[in-house]
Amino acid sequence: MSRGSASEKEVTVVATVINSTLFKQAPPRQRRKKVMTYQGTALGGFVLFVKAGSQPVKNLSQPVRLIFQRENKEETGTCVFWQESENQTGAGYWSTDGCHTDLSRDQFNCSCNHLSFFAVLVNPDITLDETQEDNLSRITYFGSGLSAFFSFVSLFIYARLHRRRPEKAIGIHVQLTLALFCLHLGFLLCSFLVQQLDKVDNSWVCRGLGLFLHWSLLATCTWLALEGFHLYLLLVRVFNLYVRKYLLKLSLVGWGLPTLLVIVCGSLGVYGKYVLKMQNSSNHTSTSEICWMSSDFPHRNYISYITVAYLFLVVLCNSCMLTLVVFKLKRIRVGTGGYESSSDWKKVKKEKWPSLWKNCITVLGLSCVLGLPWALASTAYISLPGIYIFTVFNSLQGWFMFMWSVALSCKAQSESNSEVRTASSQKMMTTSFNN
């Protein structure tokens, strides 16, 4: 252990090992600050108390280094210290402020800029206070409302664009946007109507809403997979591949497969009211209800795991498709590297950065169309900012599709204007030549 203090004088550092069961975490309502707290089991069941003198030691120029031996090689942990509550009741919570964790093969190395009660929480769970829970709920509901609205507007933009340019890709975008609209609308209905259904005995309504939400989620995942499949045929296989009744066959898969799955699940009694029990750091339990998979269904977890695995597989495959697209764009750029003269080289160099910008925006738009923001779910298990990032991006998918539809519409309009100008200039040249 290193020696340090907030003053220039040397002091004696005292370390004491205390049983972790003596630390009682405070309920969220006793915390006035918006903090991220952790909940878990202290490594070895003990807490190390480090002090120097009788005054609190903070903001050390050289951090205090603590080494905890790992008991299990597969364990993960986070260095934390005990933050007492403001009312001095003896309660508090675990925090990471001012502490840094370095994980080696057989030990945890903790560096903190203050002295306090230290421990390593093994496999810690991030806990949120009431304010953060309310903020995340507002972001989710507001974002889903925006996504439902913009998805609905995008349907009209795609329909207008499809009449002008009857391309298969636009038809697939329409189907995906419709599935996203159903998903966000179903989520809002299942979240808000479940409270009204508590007042009357309409369990069949909740089962129907749960079935609709699950069906729209599976349909969204399936159409995301079909977007990746069409991108593969368009850019990787060949450019002019013809498949008879291509959109009809994709529609049978995109809508038929989710319908078949939810019919099987519905016949098994999967759907109903789902009660989510949340326990905060003070062991106070609160509940949240939604029409989804019934909590009373004994094999609900297996259905949930299969759904999540299906979504993960789709995101993984689409990530590979997007990687192939990036390599394809890079190959096209490299293919334009032959220049016949210095003027051609200067012209290409001048257009290099705008073309690069365009390619980056294309890749970013395709990542949203392919559903890659779903991969941000992994960040929700790491830190509080990761939870917010996933919540924002996940709830704004409809808005991303709207922006993509606007980009395609602007591109089509620009190409149409270019064709008109080209035809007009050709007519003028012909008239001038004839005269």
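Reply: Contact here means heavy atoms within 4.5 Å. The model is predicted: local features need pLDDT of at least 70 and side-chain atom pairs pLDDT 80 or more, while totals for chains, interfaces and linings use all residues. Residues are numbered from 1 along each chain as its sequence is written, and side-chain values use heavy atoms, without hydrogens and water.

Take Leu372. This residue sits in the loop that joins helix H7 (352-369) to helix H8 (384-395); helices are DSSP runs of H or I of at least four residues, strands runs of E of at least two, numbered from the N terminus. With a relative accessible area of 16%, Leu372 is buried (under 20%; exposed is over 50%, partly exposed in between, with a 1.4 Å probe and protein chains only). Apart from neighbours within four places in sequence, Leu372 is in contact with Val315, Asn318, Ser319, Leu322 and Ser367. Leu224 lies 148 residues from Leu372 along the chain, yet their C-alpha atoms are separated by 9.4 Å.

Packing between helices can be followed elsewhere in the model. The axes of H2 (residues 168-197) and H4 (residues 246-267) come within 11 Å and cross at roughly 20°, the axes being lines fitted to C-alpha atoms over the stretch in contact, with angles from 0 to 180 degrees between N-to-C directions. That makes H2 roughly parallel to H4 (under 35 degrees; over 145 is roughly antiparallel, 65 to 115 roughly perpendicular, the rest oblique). H2 contributes Lys168, Gly171, Ile172, Gln175, Leu178 and Ala179 to the contact, and H4 contributes Tyr246, Leu247, Leu250, Ser251 and Trp255.
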